[in-house]
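Hi,

Here is the structure I promised to pass on.

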Amino acid sequence: MACIYIETFGCQMNEADSQEIIDRASAAGYEVTSDPSAASVVVLNTCTVRDSAERRAYGRMAHLRALKTGDSRVKLIVCGCLAEQDRDRMRLRAPYLDGVFGTSDVARLGEQLAAWRPGFEDFSEASEARALLRLGGEADCIAGAFSHLRAFVTVQRGCSYYCTYCIVPHVRGRFDHRSLADVLTDVRAKVSLGAREITLVGQTVNAYREPARGADFADLLERVAALEGLDRLGFLTSHPKDFTEKLVRTLGALARLNPRFHLPVQSGSNAVLRRMNRKYTIEEYLEKVAAFRSYCPSWALSTDLIVGFPGESEADFEATLELCERVGFAQAFMFVYSPRRGTPAARWEQIPSDVGGERLRRLATVVDRSVRGWHDRKVGTTVRALVKGPSRKDASKLALKTSDNVTVVAPAPICSETALAERPWLDVSVSQAHVWGCSGTVAGGAERYDGPAIPFAVSPLFDIVSLVRS
Ligand code: SF4
């Protein structure tokens, strides 16, 4: 049997591309597996947004090469942003790869999978050599009993903003917006396959402009949110430059939207924002936050932050700390600046890495307080959250996500995976808050987000009686 395994690094765009690769592979007759040693085709969908992501991808390639050593029929391919950027270098560094596909090559990748498919007819016989391999390491793998519950739909590719630190416009090209009709068709298809939550993704979704009639992102949200069968709708990522009052008015009015707005600010200093080419000032950002909070008072606001950007002084950094204290983000993704080949900022004088590391630690202390505060509000309440799968730290527990993107962990109820996938919205009574999320106990599960929750617990006596009878 032909099986495909895919590992995804990086942002929501790569997640969306991985789902599209899986859709194409399934159409060509592949099964999806979460076990790389069972796969006839192994795909690494790579990221190049930071140096660490690049090193991880090359390390993972070398690691997964063992599968080909164990069984020469296995195909190992690499796609995504690093493949786009490093196409030639990758062929030299990893000559054992069976294919390198850039960010605009997803259709060609699908054709290659279809062409390989007949050669895997007898692949169901597990190769001893493959089975003996021990492939540890991280795997943000797409297969799983609950992976169909969340789906990404791309509304736009590329970005035309050229922030001076960012590689995306160089590897993904300029904005290319999809038609509203295509987006609606994709959402309907994912919902019909069981998706409970759709996330519309793009590098700057709120810059969306329908190519034919010029509908904007607020119009798009209205149309998608009205689709029958959809439970919840989210979107990633927005740019402060394209924030409009119409958009936040729409957010506040659409009940199916997840109450979480991700609005990357990157720095609290106007001087740094100018050098980053971010196209807004902190005063403008704060005005937008105030407008957002007036329309969406109970929503979570999350952001991205970069410290140690070239030229960032201690005063610039303190302005970032002050901004975070003032706004009180519910979640923030924080990074030390990482120079990317081919971007302007990579050619500028760099801040010493120990200074960047120390600033990141100080920033985390401030941000963690507001994040923990957001989680504290949930203690003593019951939250409805969508199941993700077993907790990575303790397989007897389930990890879930609330609609405002808070991780919740709770002991798994006594039921099969199938029963959970059928009632994947769990009501969790939250007993404790942490910086990473919340923990509690499951009170019941619902099929739909706004449906009634039914308890899962089965009496042990009932189980014994059914076993004796069977
Ligand atoms: S807005 Fe800036 S950071 Fe975001 S993808 Fe475009 S260039 Fe990169």
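Helix 1 passes helix 5 in a right-handed crossing (right-handed if the near helix is turned clockwise from the far one by less than a right angle, left-handed if anticlockwise). Before I go on, bear in mind that this is a predicted model: local features need pLDDT of at least 70 and side-chain atom pairs count only at pLDDT 80 or more, while totals for chains, interfaces and linings use all residues. Residue numbers start from 1 along each chain as its sequence is written.

Back to that pair. The axes of helix 1 (residues 12-27) and helix 5 (residues 106-116) come within 9 Å and cross at roughly 30 degrees. So helix 1 is roughly parallel to helix 5 (angles under 35 degrees count as roughly parallel, over 145 as roughly antiparallel, 65 to 115 as roughly perpendicular and the rest as oblique). Helices here are DSSP runs of H or I with at least four residues, strands are runs of E with at least two, and both are numbered from the N terminus. Axes are lines fitted to C-alpha atoms, for helices over the stretch in contact, with angles from 0 to 180 degrees between N-to-C directions.

Which residues of the two helices meet? Asp 17, Glu 20, Ile 21, Arg 24 and Ala 25 in helix 1 meet Val 106, Leu 109, Gly 110 and Leu 113 in helix 5 (contact: C-beta atoms, placed from the backbone, within 7 Å). By class, this contact of helix 1 with helix 5 has five nonpolar, one polar and three charged residues (Ala, Val, Leu, Ile, Met, Phe, Trp, Tyr, Cys and Pro are nonpolar; Asp, Glu, Lys and Arg charged; the others, Gly among them, polar).

Then there's helix 9 (residues 217-225) with helix 10 (residues 245-253): their axes come within 9 Å and cross at roughly 20 degrees. That makes helix 9 roughly parallel to helix 10, and their crossing is left-handed. Phe 217, Ala 218, Leu 221 and Glu 222 in helix 9 meet Lys 246, Leu 247 and Thr 250 in helix 10.

Among the residues around the ligand are Cys 159, Cys 163, Cys 166 and His 239 (near means a C-beta atom, placed from the backbone, within 6 Å). The shell has seven nonpolar, three polar and no charged residues.

Lastly, five strands close into a barrel in the order 14-15-16-18-17, with mixed pairing (strands pair if DSSP finds at least two bridges between them).

Cheers
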